[in-house]
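Hi everyone, thanks for coming along.

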Amino acid sequence: MAIENIADLQVLVHTARGGTLTAAARALGITPAAASATLKRLEAQLGARLFERSTRAMRLTPQGQTLLDYAGRAFELLAEGESLVAADGGALVGTVRVAAPSDLTRRVLMPWFDEFLLLHPGVQLALSIGDRPLDVTRDEVDVALRYGLLADSRLVARRLAEARPVLCASPDYLRRHPAPQAPHDLLQHNCLTFHRGGRRQRLWRFLRDGQWTQVRVDGDRSADDASLARQWALAGVGITFKSELDVQQDEAAGHLVRLLPDWDTEPYPLHALLPSGRFVPARVRALVDFLARKFEPTLSAPS
């Protein structure tokens, strides 16, 4: 049986938020008995228990958590639709859940997010940063910003920026170690690596005169947060291989020096990923469009 009254889902949302039916009733301005009856009606219609009851609190079941996730999105979409209909200029409202790489967020995106939120005061940002790629088809993510070439047909990908990984080290490190003149010289250096997709990125590839050279590097430290590799490089402990977007400010300030400038590297584009087939709220589309405009110079700049 289908849910007969979508408004009943408010009891689910507020019970989960407050931890008790009493808290939900207070938030909705109804009696605890009415809240309890509504929840029982929902469970009967769905044929599933939504909460495990105890004398002190209500704990969501896995089925309840699934319904809560979708109910939250549904109410946000309704609020956004009401705002677009009622407000002059169609003000955006609701939460945008964004997953983005750690260094890119700290070095590039933070001021842009601030600017976007000032332009759209009805929007909230829920940001998840890290280099473990979240799945926009399963995780609580509206849009994921991800480096690299993509092949997942379940996703809609919009290319935001062209970038390539670059080899770099601090002036202090280079005063103590001779700069590599060719990729295989990296075997004599402390190479600072990071994990992507659960795998340590140790195979570094370079191109010159139509020929690819790859080197399996090693070093005394690696991390599952790529921003640490940059920070270690800044501290003078080794060489790292990161997106040029992540290190451009450090290069411009002279804190990092690009190495092997005569060698090319593989494309490392940045995409905004959206799940195929899912309705994309206007606030999410607006953020992606905003970021695309910010990154636009990189799409036409020489690599």
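Let me begin with a definition: two strands pair if DSSP finds at least two bridges between them. Helices (H or I, at least four residues) and strands (E, at least two) are DSSP runs, numbered from the N terminus. This is a predicted model, in which local features need pLDDT of at least 70 and side-chain atom pairs count only at pLDDT 80 or more, while totals for chains, interfaces and linings use all residues. Residues are numbered from 1 along each chain as its sequence is written, and side-chain values use heavy atoms, with hydrogens and water left out.

Now to strand β5, residues 143-147. With strand β15 (residues 270-275), β5 pairs in the antiparallel sense over four bridges, and Leu-145 has Ala-272 in β15 as its bridge partner. Strand β3 (residues 94-100) runs parallel to β5, joined by two bridges, and here Ala-99 stands opposite Ala-144. Four of the five residues of β5 are buried, where buried means under 20% relative accessible area, exposed over 50%, and partly exposed in between (1.4 Å probe, protein chains only).

Next, a hairpin. Strands β10 (residues 203-208) and β11 (residues 211-216) run antiparallel with six bridges, and Trp-204 faces Val-215 across the pair. Two residues lie between the strands. Asp-209 is exposed, with a relative accessible area of 72%.

Compare Leu-260, in the loop between β14 (257-259) and β15. Leu-260 is not a glycine and has a positive phi of about 50 degrees, but Leu-260 is buried, at 8% relative accessible area.

Finally, the helices. The axes of α1 (residues 9-18) and α2 (residues 21-28) come within 7 Å and cross at roughly 120 degrees. Axes are lines fitted to C-alpha atoms, for helices over the stretch in contact, and angles run from 0 to 180 degrees between N-to-C directions. The two helices are therefore oblique to each other: under 35 degrees counts as roughly parallel, over 145 as roughly antiparallel, 65 to 115 as roughly perpendicular, and the rest as oblique. Contact, meaning heavy atoms within 4.5 Å, involves residues including His-14 of α1 and Ala-24 of α2. Among the buried residues of α1 are Leu-12 and His-14. After α1 comes Gly-19, with a positive phi near 90 degrees.

Thanks, and I'm happy to take questions!
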